[in-house]
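Here is a protein model to read term by term. Each question asks what a label rests on.

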Amino acid sequence: MTRETEIANLLEALRHDGIHDETVLQALADVPRETFVADPFVERAWENVALPISKGQTISQPYIVALMTQALELNDRMKVLEVGTGSGYQAAILAKLARRVYTLERHKPLLREAEEKFRELGLHTISTLHGDGGLGWKAQAPFDRIIVTAAAQDVPPVLVDQLAVGGIMVVPVGEVSHTQLLLRVLRTPSGVEVTELMPVRFVPMLPGTEEF
């Protein structure tokens with residue numbers, strides 16, 4: 001099966017599963033997922049599955065990436081914060097759809113690998129930070145959109161504070177050992193409106209940073 005056929009099959013499966021935003025689907029087609037997948041799994045890059053990367057992390061299933069991205073309702077004027085760079089794949093997708101992407105990661109080696117991939121792909125609208133995801137990126141706030149790729153105990157108030165009024169955050173919430181829910185959080189002038197999207201399973205959001 002050719003790479004083009006694999007991509008076409010994946011996009012068709014995503015449409016079947018409810019991904020209707022064609023700009024999101026085009027972004028997935030345009031970003032070479034094999035660049036972000038660990039070497040032993042390159043042949044599976046276009047399968048609709050999560051795959052392991054280093055530091056006990058994963059590159060998310062394309063369906064989850066597409067669903068979270070679609071829920072953000074992005075356009076090319078927006079400034080987006082990603083909490084949890086991981087492989088860099090989600091940030092690369094965001095960079096195709098938003099004006100500017102700010103992504104932070106607590107594991108320095110993962111961040112350095114992702115930065116190299118961004119340079120390789122010419123993704124110059126992504127800014128990176130080695131930091132504690134729970135603290136967000138206050139110096140660059142407010143953000144039009146925030147996407148969190150690790151499970152928080154609850155909707156993080158610090159991140160809500162960094163979201164512009166009218167802004168949207170997509171965040172998985174819940175214990176790792178129990179069902180987590182993917183939430184869409186809309187910040188309003190009087191608080192937040194929360195919509196449940198689906199049950200998910202993400203690694204936990206941990207405090208602090210790791211140098212090695």
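Two strands pair if DSSP finds at least two bridges between them. Helices (H or I, at least four residues) and strands (E, at least two) are DSSP runs, numbered from the N terminus. This is a predicted model, in which local features need pLDDT of at least 70 and side-chain atom pairs count only at pLDDT 80 or more, while totals for chains, interfaces and linings use all residues. Residues are numbered from 1 along each chain as its sequence is written, and side-chain values use heavy atoms, with hydrogens and water left out.

Q: What is the order of the strands in the open sheet of 7 strands?
A: The order is S5-S4-S3-S6-S7-S8-S9. The pairing is mixed. From one strand to the next, the twist averages 15°.

Q: Why do strand S5 and strand S9 stand at the edges?
A: S5 (126-130) and S9 (191-200) each have a single partner strand, so one side of each is left without a neighbour in the sheet.

Q: What makes S6 and S7 a pair?
A: A pair needs at least two bridges. Strand S6 (residues 143-148) and strand S7 (residues 163-173) have 4 bridges, in the parallel sense. They therefore count as paired. Ile146 has Met169 in S7 as its bridge partner.

Q: How many bridges join S7 to S8, and what lies between them?
A: There are 6 bridges between S7 and strand S8 (residues 180-188), and the two run antiparallel. Here Met169 stands opposite Val185 in S8. S7 and S8 form a hairpin with 6 residues between them. In its turn, Gly174 has a positive phi of about 140°.

Q: Which residue stands opposite Thr188 in S9?
A: Gly191 does. S8 and S9 run antiparallel, joined by 9 bridges. The hairpin between S8 and S9 goes through 2 residues.

Q: What joins S3 to S4?
A: Strand S3 (residues 79-83) and S4 run parallel, with 5 bridges. Val83 has Leu104 in S4 as its bridge partner.

Q: How do you know that S4 is mostly covered?
A: Buried means under 20% relative accessible area; exposed means over 50%, and partly exposed is in between (1.4 Å probe, protein chains only). In S4, 5 of its 6 residues are buried.

Q: Why is Tyr102 called buried?
A: Its relative accessibility is 12%. That is under 20%, so Tyr102 counts as buried. Trp137 also has a relative accessible area of 12%, and is buried.

Q: Why is the pair of Tyr102 and Trp137 called edge-to-face?
A: Rings of Phe, Tyr and Trp (its six-membered ring) pair if their centres lie within 6.5 Å; planes under 30 degrees apart count as stacked, over 60 as edge-to-face and the rest as tilted. Tyr102 and Trp137 are 5.2 Å centre to centre, with 85° between the planes. The pair therefore passes as edge-to-face. Tyr102 lies in strand S4 and Trp137 in the loop between S5 and S6, so the pair ties together parts that are 35 residues apart in sequence. Tyr102, Trp137 and Phe143 form one aromatic cluster.

Q: What makes Lys79 a charge over a ring?
A: NZ of Lys or CZ of Arg must be within 6 Å of the ring centre and within 35 degrees of the ring normal. The charged end of Lys79 sits over the ring of Phe143, 5.4 Å from its centre.

Q: Is Gln162 buried or exposed?
A: Gln162 has a relative accessible area of 5%, so it is buried. Its place is in the loop between helix H6 (157-161) and S7. Contact means heavy atoms within 4.5 Å. Leaving out residues up to four places away in sequence, Gln162 touches Trp137, Phe143 and Ile146, among others.

Q: What makes a set of residues a nonpolar core?
A: A nonpolar core is a set of buried Ala, Val, Leu, Ile, Met, Phe, Trp, Tyr and Cys residues joined through side-chain atoms within 4.5 Å. The largest one has 50 residues. Leu14, Leu28, Leu74, Tyr89 and Ile93 have the most contacts inside it. Helix H3 (62-72) is among the elements that give two or more residues to this core. H3 gives the most, with 8 residues. A second, separate core of 18 residues includes Val83, Ala152, Met169 and Val171.

Notes
Axes are lines fitted to C-alpha atoms, for helices over the stretch in contact, and angles run from 0 to 180 degrees between N-to-C directions.
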